[in-house]
Amino acid sequence: MTALLLVPTTAWYLFLLVVPLGILIVFSLGTRTDVGGYAPGLTLQNYADLPTRWPAFQNTLTLALIGTVLCALVAYPLAYYLATRAGQKRTVLLILVILPFWTSFLVRTYAWLQILGANGIPSLLQTLGVEPRPVFLNTHAAVLLGIVYNYLPLMVFPLYVSLERLDKRLIEASKDLGANRLRTFFQVTLPLTAPGLVSGALLVFIPMMGEYIIPSILGGGKIYFVGNALVDLYLQSRNWPLGSAAAIGLIGLVVLTATVYLRLTRVSSQRDVSLL
Amino acid sequence: MTAGTLAPKVPATTRRRRIPNPGLGADRVFRAHSGLVFLFLYVPIGLVVLFSFTAGEHAGEMRGLSLRWYGAAFENQFVTRALSSSLQVGLLTAVLSTTFGTIAALALQRVRPRLRAAYDTLTYIAIVIPGIVIGIASLVFFVNVFGFLNPLLAGVWPSELGEAPKLAPGLQTIVGAHTVFAMALVIVLVRARLAGMDRTLGEASADLFATPWRTFRQITLPQLSPAILASFLLSFTFSFDEYVITSFVKGNVTTLPIYVFSSIRRPPVKPDINAIATVILAFTLLMLLSGWLIYRRGARRAGPPSAATDATADV
Amino acid sequence: MDRTQFQKLYLDYERGRIDRRAFLKASGLGLAAAVLAACAPGAGASTKPTAGTSSDWAPPKGVNLGDTLNLTTWPNYHDQATLDKFTELTGVSIALTIFGSNEEMLAQLQAGSTGWDVLVPTNYTFETYGQLGLLEVLDLSKIPNFVSSRYEARFLEPAHYPAGSSDLLGISKDWGTTGYVVNTKNATKPMTSWKDFFDMAQGELSGKVMIHDYQLTSIGNALKYHGFSFNSVDPNELAKAEETLLAAKPHLFAISSDYQPPMRAGDAWVAMAWTGDGVQLNRDIPDIKYIIGSEGGEIWSDFFAVIAGAPHRDAAYAFLDYMAVPKVMAADAAFHGYPIVDSAGIDLLPAEFKNNPIIYPDEKLLSPLEFGAAVTLTDQNRADLWNRVKSA
């Protein structure tokens, strides 16, 4: 009976996860035909060629890291406010935080295209006297903004949950023992909410590494994530073997990061019922 | 607020005059920060909604108010078709992933630890794997499988039934690819709920001679229902708004995000996109509101919330 | 039933959507069938919309064209009015899929099952498409308005596959050049060559220049900067081109084949461009000029083709036939600004079109230009180079 219950899941995982990934691995060992595509082979050359794409990997890691840190910096005070000082309004405010998730992600990113584009903020700045008209699009900053904007709610939630569970009496005790607010924060609040931070960072950093739409829309072909390099290898250069190797590389990177994070939170994750 | 009760006892008059409430200054800072964050989150959305009402030609200019783009959007057969496809894909994905994921989560409780670890690993991979990778991999898989099966099918198909069906990427492949991630999500959520559930109730039910099915139906399922419902909603939302995976495996089909993306890539963008986005937002708000009202009513009828039904707060 | 209902019913019958019996039944004209059949042409003409080109083309009788056509094409390449007229005449709505390079189109077709019907490929792609069997050999009986003798040979000839055979994989749409547009109000220093383009991109025009997201043209023009052939696949020459591109990249505004919006908004002052975009931009913003690099560059010709296994094959042929009508093609060209190939269509063009130096450049600028070669499209080194440049 138990086996029967597992059949659909097994079938799905097998045919739509394991086998496709297996095909990717097979492809990554092949070569590109003259016109593009896959020709069977058994070579590790593609993996050897991956380092030429290192700038894309580096770009991805850097921007994802900065993005995660920015998300944390913006989300923490918000979560703190919601968890400790918002009182009755907190449910409504929480819903307001997650509501943007339910507008189309593409439309939201496109809205930023408008805001950062020639007719948006730069035009505003120009009327205020800033000459020449500044250009915000197609920069690392624009992509960073887009990333933080889209992933912020994901960071708020684990932080909120963690802060909400914080035993307030510990804060009071710290204050009673003479610590000022700053010290209380760094020595009591922050360490106790670390699991929430790590959880949120995980929820945000991992998808950021696989991003491809935001750099594509807000980056103007200049800002490249591994995802963009990957898509172009398949859908422009038509070098399927190299693209597959890059895909495996990306998976490896993502799994490695996730594993490291999870190891870090192994102790506290049992207590914390977060989204992962 | 409890901090105030442990504050040193200072005469009320002195406190009012000499020691300002330590919370107020910080409070203002927090409120300001939160206000800015909400502004940041909502200005783009606000602009999208605003420009949906423009009487002008482009999504960037506000020239008078009009509902014409709402009309234009829903008269556009490409839009209505895309909407319909997205709804079908979303519902199918949600139903399949919730059903399969829930029964799998239940089954995984009784399975050997080694086997469970294997499924956990696969679930974990399904969640962290980037959409482009699974999209490309799935496309390659489908193309090869169909390329293999179609000649076979054509060979064995009896001629009286007309032409053999040709397998090709389309609605089914989109649902298939979406379900991988959605199902993994369901498994994680339901298992988390199961882990936090009170086992003793189930044991008591068994002690009272209830069949496993009855125990499941009357004890386990009600406790799981918030998690199942939440999973369903999350799966639907994920699938409805999904672009990357869909763009690879869609074949002939256009879903709403696909339509939106191709419109964005061809400026100047027409505001029918804004109209569609606003309608979806309004619809979601409505759903959330009614969900919340139902929950409130249910909570009032059921009495004070117990630890078991508090699950939705976690999610 | 009232007049509009009857008109709609009749149009459906004309378009092959409903058969004769259904029409007669629905309109209640069973007894008058014979009379109606005799009067059909007259009745038809009065119910058709009266607009310019409608009398020049009619959809094939009795063929069900369906209600959708998927056209895969380039940015700013069709007059929406031309497409709308087609929809009016046939009831077929046209969905556009836009790409900025032949490689992207090829990649999607190679991956399979795109659901596209009509493609707009460029001259050098036919060898590859022919080899891979991705395009249908055109059934010219379905395109009666296409008279190949009116088409200039050097532009039409690449569509024959295998080369030299009489099989055609496409009919000509237009031809053009690849140069760059300059907003002379902002970029005041005169520019005439690819040297100017790439040097000034890194110098005084930093942050204002765009190149195509297209290996063939971007690498090709970087090669011209060094005086090499546009189609070179020599690794040493390619290495120099790569150097140039990498040096320019940090200074570019964007790498995109969708350069009209930034040029119009003033975010970009110079962009690698095609003839017709030059015409459209210059028409709306006279300060924007179109320059062909003095070292040379690309001359190309584009076609309409039907994709093998197209889901709406009949509608695809109807569309090709429609576009082959000289009046339609000329009206379209008046909008998009690309020179057409059909001599009958050229005769219909207004004088200012024929005298426009952007559309018909001086012979001394035209002669150094090279047609793209098939190998240039598929060469692995060039493809990898491009991916490396973008990843950098």
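Predicted model: local features only at pLDDT ≥ 70, side-chain atom pairs only at ≥ 80, totals over all residues.
Chain B is built from helices, with 13 helices and 0 strands. Its order along the sequence is α-α-α-α-α-α-α-α-α-α-α-α-α. Chain B has 315 residues, of which 36% are buried. Among the contacts in chain B with a separation of 6 or more, 77% join residues 24 or more positions apart. Chain C contains both kinds of element, namely 19 helices and 10 strands. Chain C has 392 residues, and 53% of them are buried. For chain C, too, contacts with a separation of 6 or more were examined, and residues 24 or more positions apart make up 77% of them.

The contact between chain A and chain B involves 60 residues from chain A and 59 residues from chain B. On the side of chain B, the elements that give two or more residues are helix H2 (22-52), helix H4 (77-109), helix H5 (113-128), helix H6 (131-156), helix H7 (171-196), H11 and helix H12 (272-302). Of these, H2(B) gives the most, with 11 residues. By class, the side of chain B that touches chain A consists of 44 nonpolar, 11 polar and 4 charged residues.

One helix pair illustrates this contact. Helix H5 (residues 105-116) of chain A and helix H11 (residues 256-264) of chain B have axes that come within 9 Å and cross at roughly 20°. An angle under 35 degrees counts as roughly parallel, and H5(A) is therefore roughly parallel to H11(B). The crossing of these two helices is left-handed. From H5(A), the residues Leu106(A), Val107(A) and Tyr110(A) take part; they meet Pro257(B), Val260(B), Phe261(B) and Ile264(B) of H11(B). The residues of this contact comprise 7 nonpolar, no polar and no charged.

Ile132(B) lies in helix H6 of chain B. A residue counts as buried if 20 or more other C-beta atoms lie within 10 Å of its own; Ile132(B) has 26 such atoms and is therefore buried. Leaving out residues up to four places away in sequence, Ile132(B) touches Gly210(A), Tyr212(A), Gly227(A), Leu230(A) and Val231(A) in chain A, together with Val244(B) in chain B. Ile132(B) and Tyr243(B) are 111 residues apart in sequence, while their C-alpha atoms are 9.7 Å apart in space.

Several of the chain A residues touched by Ile132(B), including Gly227(A), Leu230(A) and Val231(A), belong to helix H11 of chain A. This helix (residues 226-235) is mostly covered, with 10 of its 10 residues buried.

In soluble globular proteins, nonpolar side chains tend to be buried together. The largest nonpolar core of the model has 202 residues. The residues with the most contacts inside this core are Ala79(A), Val156(A) and Leu230(A) of chain A, Val180(B) of chain B, and Val306(C), Phe319(C) and Leu320(C) of chain C. Helix H7 (residues 140-164) of chain A supplies the largest share of this core, 15 residues. Ala79(A) is in contact with Val156(A), Leu159(A), Tyr160(A) and Leu163(A), when its neighbours within four places in sequence are left aside. Another core, of 53 residues, lies apart from the largest one, and among its residues are Phe197(C), Met263(C), Val270(C) and Trp274(C).

The contact of chain C with chain B takes 10 residues from chain C and 12 residues from chain B. On the side of chain C, strand S2 (residues 93-98) gives the largest share, 4 residues. This side has 5 nonpolar, 5 polar and no charged residues.

Within chain C, helix H8 (residues 194-202) packs against helix H10 (residues 235-248) at an angle of about 40°, and the two axes are 9 Å apart. H8(C) and H10(C) are therefore oblique to each other. In this contact, Phe198(C), Ala201(C) and Gln202(C) of H8(C) meet Thr244(C), Ala247(C) and Ala248(C) of H10(C). By class, the residues of the contact are 4 nonpolar, 2 polar and no charged.

Terms used. Residues numbered from 1 in each chain as written. Chains lettered and ligands numbered in written order. Contact = placed C-beta atoms within 7 Å. Nonpolar A, V, L, I, M, F, W, Y, C, P; charged D, E, K, R; others polar. Axes fitted to C-alpha atoms, helices over the stretch in contact; angles between N-to-C directions. Parallel < 35°, antiparallel > 145°, perpendicular 65-115°, else oblique. Left-handed = near helix turned anticlockwise from the far one by under 90°. Buried ≥ 20, exposed ≤ 12 C-beta atoms within 10 Å, placed from the backbone. Core = buried A, V, L, I, M, F, W, Y, C linked by C-beta atoms within 7 Å.
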